[in-house]
Amino acid sequence: MILPDKIIRSRRRTLSISIDPFGRLIVRAPLRCGEERIFAFLREKESWIVRQKEKTKGAGLRLPPESLDGYRFLLMGKECVIRLYDGTRVRYDENAREVFLPRENSRERLVKWLKENARRILSAICARRASEMGASYPSLSVTSAKTRWGSCSYNDALHFSFRLLYAPVEVIDYVAVHELSHTFYKNHGKAFWAAVEKYVPDYKKKRAWLKENTLLMEIF
């Protein structure tokens, strides 16, 4: 029996299914659609579901398993692999692209390490870009946001998701410039985009990368 990973109900009239890049089966159903009807629909589409899931396996994109040993993910836009070991601190071999992670509380330790590095890298980029742009901001924080890569509050405080660390450095730089531009313009009008383009001429390419890789925000 095929079970859905997620059922999304809304004011729609028909049933639909999709397989996301992680291989998860998503069902979209009308508000009053019963489970019996949903599972009958899944049985009808079983062969299609199996084929699509096989395609996602070939793509190599997957959510972290319970044990992180051997798990591959993007760090600064490049693939790296996790190695669990019996040490007490997180170590990173940049040449081998390996993150050595203590076995105990491995996931929590990794997230803490990612946040620390995200803060360090983003602080340096924002300080440099702010100097170039003549911008100022009272604070910079790194969050666990899954819906926004970055944001700028009403008082110009900058906030970035630690998951931005998965992106290539040039994309991280674009997000920094984007949020710093909001210290001048609190909207996405022509003046705002002109400010962004002044410092990141190919910003559309960077925006496209973020849109194409939105699912990375679900990792860790």
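In which loop does Arg97 lie? Arg97 lies in the loop between strand S6 (91–93) and strand S7 (98–102), where helices (H or I, at least four residues) and strands (E, at least two) are DSSP runs numbered from the N terminus.

## Basis of the description

This is a predicted model, in which local features need pLDDT of at least 70 and side-chain atom pairs count only at pLDDT 80 or more, while totals for chains, interfaces and linings use all residues. Residues are numbered from 1 along each chain as its sequence is written, and side-chain values use heavy atoms, with hydrogens and water left out.

## The chain as a whole

The chain has six helices and 10 strands, and its C-alpha atoms fill a box of roughly 60 × 50 × 25 Å, taken along the principal axes. Of its 220 residues, 45% count as buried; here buried means under 20% relative accessible area, exposed means over 50%, and partly exposed lies in between, with a 1.4 Å probe and protein chains only.

A contact means heavy atoms within 4.5 Å. Among contacts between residues at least 6 apart in sequence, 46% join residues at least 24 apart.

## Helices H4 and H6

Two packed helices are described by the angle between their axes and the distance between the axes. Helix H4 (residues 169–181) and helix H6 (residues 203–212) pack at an angle of about 105°, with their axes 9 Å apart; the axes are lines fitted to C-alpha atoms, for helices over the stretch in contact, and angles run from 0 to 180 degrees between N-to-C directions. H4 and H6 are therefore roughly perpendicular to each other, on a scale where angles under 35 degrees count as roughly parallel, over 145 as roughly antiparallel, 65 to 115 as roughly perpendicular and the rest as oblique.

On the H4 side the contact is made by Glu170, Val171, Tyr174 and Val175, and on the H6 side by Tyr203, Lys206, Arg207, Trp209 and Leu210. By class, this contact of H4 with H6 has six nonpolar, no polar and three charged residues, where Ala, Val, Leu, Ile, Met, Phe, Trp, Tyr, Cys and Pro count as nonpolar, Asp, Glu, Lys and Arg as charged, and the others, Gly among them, as polar.

## Aromatic rings

A pair of aromatic rings is described by the distance of the centres and the angle of the planes. Rings of Phe, Tyr and Trp (its six-membered ring) pair if their centres lie within 6.5 Å, and planes under 30 degrees apart count as stacked, over 60 as edge-to-face and the rest as tilted. By this rule the count comes to eight aromatic pairs. In one of them, the rings of Tyr71 and Phe220 have their centres 5.8 Å apart and their planes at 85°, so the pair is edge-to-face. Tyr71 lies in the loop between helix H2 (46–59) and strand S4 (72–75) and Phe220 in the segment after H6, so the pair ties together parts that are 149 residues apart in sequence. Both residues, Tyr71 and Phe220, are buried.

Another pair is formed by Trp193 and Tyr203, whose ring centres are 5.0 Å apart and whose planes meet at 15°, so the pair is stacked. Because Trp193 lies in helix H5 (residues 190–199) and Tyr203 in helix H6, this pair ties together parts that are 10 residues apart in sequence. Trp193 counts as buried at 17% relative accessibility, and Tyr203 is also buried, with a relative accessible area of 7%. Elsewhere, Tyr71, Phe73, Tyr166 and Phe220 form one aromatic cluster.

## A charge over two rings

A charge sits over a ring if NZ of Lys or CZ of Arg is within 6 Å of the ring centre and within 35 degrees of the ring normal. Arg91 lies over the face of Tyr85, at 5.1 Å from the ring centre, and the charged end of Arg91 also sits over the ring of Phe100, 4.7 Å from its centre.

## Residues in loops

Arg97 has a phi near 55°, a positive value in a residue other than glycine, and Arg97 is buried, with a relative accessible area of 18%. Asn105, in the loop between S7 and helix H3 (106–133), likewise has a positive phi, of about 50°, although it is not a glycine; at 46% relative accessibility, Asn105 counts as partly exposed.

Tyr154 is found in the loop between strand S9 (150–152) and strand S10 (158–161), and Tyr154 is exposed, with a relative accessible area of 77%.
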